[in-house]
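The questions below concern charged side-chain pairs in a predicted model. Each answer ends on the value or name asked for.

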Amino acid sequence: MIKGENISLNEVFKILDETTQVLEYSRMLKVKSNELEETSLKLKRANTKLKELDTLKDNFLSTISHELRTPLTSIRAFSEILHNDKSVSIEERQNFLGIITKESERLTRLIDQLLYLAKMDARSTDLAKANVDPVAAIQEAVTSMDGLIQEQKIDLTLDLPSSTPDISADRDQVVQVIINVVSNAIKFCRNPGGEILVKAQATRNGLLVCISDNGRGIAPDQQDLIFDKFNQGRQDCNEIPVGTGLGLAICRQIISGHHGHIWAENSQDSGARILFTIPFVAEPEVPN
């Protein structure tokens, strides 16, 4: 523009219009820049999560290899002794056969967990629901673990009501949840001097089960993560993993399928506790 030159009203409107467009483009550019920045942050978080999952899977594969190899090594070694050494006494044979049986059961539990994990990923786990007496189911689960509890010299206490309303549940899967959580408590309670309390009570939200141990507890930032697949949240990073990290993940899947809730917290005195709820069978509505 030349100084002193007159500008028509149309030209002024045109300049204002162009300025408005520039401002709008600037605003849109800022919005796009913010969106790109947000997307970049999301991608970074996703990449970090993928790296964490990759590390967890590597640890899981290492643990699974160990968990499979250990019982197989024992089974093979004692089987070869029984096959090749005819001088083994009857007492030793019974002892070796007991070890083979125990390691076979351990291997079966591991394979069952892996198969259930595959079903979880395929979302093909079906629940055979029926009216279940929860007290009887808890007692069945604990009884099935008597051998392991005695072997580890654990003092396990049951605090159960004489009776409760039935729950609508798949009995086998409820038993599996109890077994998994008690197994987890056995791994992490004090040794020696391990103590576990299995308590159940009726609440307005259904059956509440609490399984507590006298171990070292769970770090607050791990109390949700221990229910993730492959997670070994109750261990220090320099420790050899205990178990596969599948048990509690399976529990969460089962409890979720029963419209319940499962969570972890630390006890007031010491140790940790895993709690879960399962709704009772709905009472039929009485017509007016």
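Q: How many salt bridges does a search of the whole structure find?
A: A pair counts as a salt bridge if a side-chain nitrogen of Lys or Arg lies within 4 Å of a carboxyl oxygen of Asp or Glu. With the whole structure searched, the number of salt bridges is nine.

Q: Which residue forms a salt bridge with E24?
A: The closest N and O atoms of the pair are 2.7 Å apart. Both residues belong to helix α1 (residues 9-84), with a spacing of three residues, about one turn of the helix. The partner of E24 is R27.

Q: Is R27 buried, partly exposed or exposed?
A: Buried requires a relative accessible area under 20%, and exposed requires one over 50%. The relative accessible area of R27 is 46%, so R27 is partly exposed.

Q: In which helix do E35 and K32 lie?
A: The side chains of E35 and K32 form a salt bridge, at 3.8 Å from N to O. The two residues are three apart, about one turn of the helix, and that helix is α1.

Q: How many residues apart are E151 and K102?
A: E151 and K102 form a salt bridge whose closest N and O atoms are 3.5 Å apart. This pair links distant parts of the chain, with E151 in helix α4 (residues 146-151) and K102 in helix α2 (residues 90-122). Their separation in residues is 49.

Conventions. Residues numbered from 1 in each chain as written. Predicted model: local features only at pLDDT ≥ 70, side-chain atom pairs only at ≥ 80, totals over all residues. Heavy atoms only, no water. Helix = DSSP H or I, 4+ residues; strand = E, 2+ residues; numbered from the N terminus. Buried < 20%, exposed > 50% of the residue type's maximum accessible area, 1.4 Å probe, protein only.
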